[in-house]
Amino acid sequence: VLRMSGYSGQHGLSATILAYLDFGGATGTCKDGVAETMLAFATERGALKPGMPVVEASSGSFGAALAVSCATTGHPCILVVPQALPVSRRQHLQSLGARIVVCSSGGRKALDRVAADTAARYNGYFTNYFANDDNPEYHRRVTGPQILKAAGDSIDAVVIGVGSGGTITGVAEYLKAWNSMVRIVAVEPSECAAISGGMVGHHGIAGIGPGFVPENYNPYIVDGVVAVPSARAGVLAQEVLRTDAVPAAPSAGAVLCAMHSLVQKEPSIRRVLGVFSGAQAVE
């Protein structure tokens with residue numbers, strides 16, 4: 001947990017802005033720990049056996065993290081991706097050890113159906129990332145406790161971007177068990193505001209805004225939703241690199257934007273923490 005004193009000073013914010021940096025893994029996102037632990041949970045249950053293929057419908061950060069984790073554990077990794085996925089991205093996933101299955105449709109239901117069929121065909125294990133409680137369970141056991149240990153329970157609000165819904169659900173359920181008054185704020189792209197019932201379209205914030213409400217997302221522990229434009233998220237990601245030396249990805253920039261707006265609109269919030277789930281490469 002890092003105090004964003006540089007950013008706060010730059011903008012004259014009196015509230016304490018904290019960031020939980022959750023991107024220290026091999027692929028530079030929080031998905032590394034999630035993928036590794038989801039495989040461990042499945043192995044403990046006996047659902048994933050040695051040498052069994054692991055299948056997921058993902059061409060993003062979780063797919064990359066899953067490929068790395070599978071290479072470590074010795075499981076073949078099969079990723080179902082949309083036909084429109086750029087060749088360079090396919091090649092990157094293949095370089096991490098994944099086998100690619102192309103789906104003609106880019107819709108979530110179609111991708112999941114192909115992934116489930118592929119797992120059945122090869123006697124594999126479908127991780128089902130967006131609808132598997134192992135995802136939020138990781139955050140109940142790891143991310144939530146780490147935040148509480150590092151920042152204490154005197155946090156007024158916690159701000160988290162929503163991709164699969166696992167982080168916000170797991171962290172919020174854990175923290176609210178300790179402090180029911182802590183406010184939980186979800187962040188999504190304004191161009192793809194499925195959670196708040198807005199329009200759904202293309203956006204530029206990788207890692208959040210899947211275009212639908214994930215099954216892992218628990219709306220009953222979320223106190224508010226903030227929609228952030230992609231352009232603004234990118235600007236703040238670059239700014240926080242200058243003010244606090246944090247190589248934040250645009251998803252983290254979106255979280256910072258929501259925190260900034262929150263403390264400006266609600267003076268009663270004196271201590272707010274945001275989960276930064278991705279790092280941006282510094283060139």
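Trainee: How many salt bridges does the structure hold?

Mentor: Side chains of opposite charge can pair when their charged atoms come close. In this predicted model, the count of salt bridges is nine.

Trainee: Which residue forms a salt bridge with Asp-134?

Mentor: The partner is Arg-45, and the closest N and O atoms are 2.8 Å apart.

Trainee: Is Asp-134 buried or exposed?

Mentor: Asp-134 is buried, because its relative accessible area is 9% and the cut-off for buried is under 20%.

Trainee: How should I read the salt bridge between Glu-137 and Arg-140?

Mentor: Start with the N to O distance, which is 2.7 Å. Then look at the positions: both residues sit in helix α6, three residues apart, so about one helical turn separates them. Arg-140 has a relative accessible area of 19% and is buried.

Trainee: What does Lys-176 pair with, and where do the two residues lie?

Mentor: Lys-176 forms a salt bridge with Asp-223, with 3.2 Å between the closest N and O atoms. Lys-176 is in helix α7 (residues 166-178), while Asp-223 is in the loop between β8 (183-189) and β9 (224-228), so the pair links distant parts of the chain, 47 residues apart. Lys-176 counts as buried at 18% relative accessibility, whereas Asp-223, at 40%, is partly exposed.

Trainee: Now the sheets. What is the strand order in the open sheet of six strands?

Mentor: Read across the sheet, the order is β1-β2-β10-β7-β8-β9, and the pairing is mixed. The edges are β1 (2-3) and β9, each of which pairs on one side only. Strands β8 and β9 run in the parallel sense, paired over five bridges. To find that pairing by residue, take Val-187, whose bridge partner in β9 is Val-226.

Trainee: Which helix packs on that sheet?

Mentor: Helix α9 (residues 250-265) does, touching β2 (16-21), β7 (157-161), β8, β9 and β10 (271-276). The direction of α9 makes about 165 degrees with that of β10.

Trainee: And what is the order in the open sheet of four strands?

Mentor: The order is β5-β4-β3-β6, with parallel pairing. At the edges stand β5 (98-103) and β6 (125-126); each has a single partner strand, so one side of each is left without a neighbour in the sheet. Strand β3 (residues 54-56) pairs with strand β4 (residues 77-82) over three bridges. Glu-56 has Leu-79 in β4 as its bridge partner. Helix α5 (residues 108-121) lies across β3, β4, β5 and β6, at about 155 degrees to β4.

Trainee: How many cavities of 30 Å³ or more does a search of the whole structure find?

Mentor: Rolling a probe the size of a water molecule over the atoms shows where empty space is left. Here the search finds one cavity of 30 Å³ or more, and the largest cavity has a volume of about 70 Å³.

Trainee: Which residues line the largest cavity?

Mentor: The lining is made up of Leu-148, Gly-152, Asp-153, Ile-155, Val-158, Leu-175, Trp-178, Asn-179 and Val-182.

Notes: Residues numbered from 1 in each chain as written. Predicted model: local features only at pLDDT ≥ 70, side-chain atom pairs only at ≥ 80, totals over all residues. Heavy atoms only, no water. Salt bridge = Lys/Arg side-chain N within 4 Å of Asp/Glu carboxyl O. Buried < 20%, exposed > 50% of the residue type's maximum accessible area, 1.4 Å probe, protein only. Pairing = 2+ DSSP bridges. Contact = heavy atoms within 4.5 Å. Axes fitted to C-alpha atoms, helices over the stretch in contact; angles between N-to-C directions. 1 Å grid on protein atoms, 1.4 Å probe; cavity = no way out; pocket = protein on both sides within 12 Å on 5 of 7 lines; lining within 4 Å. Points joined across faces, edges and corners; volume = space filled by probe spheres on them.
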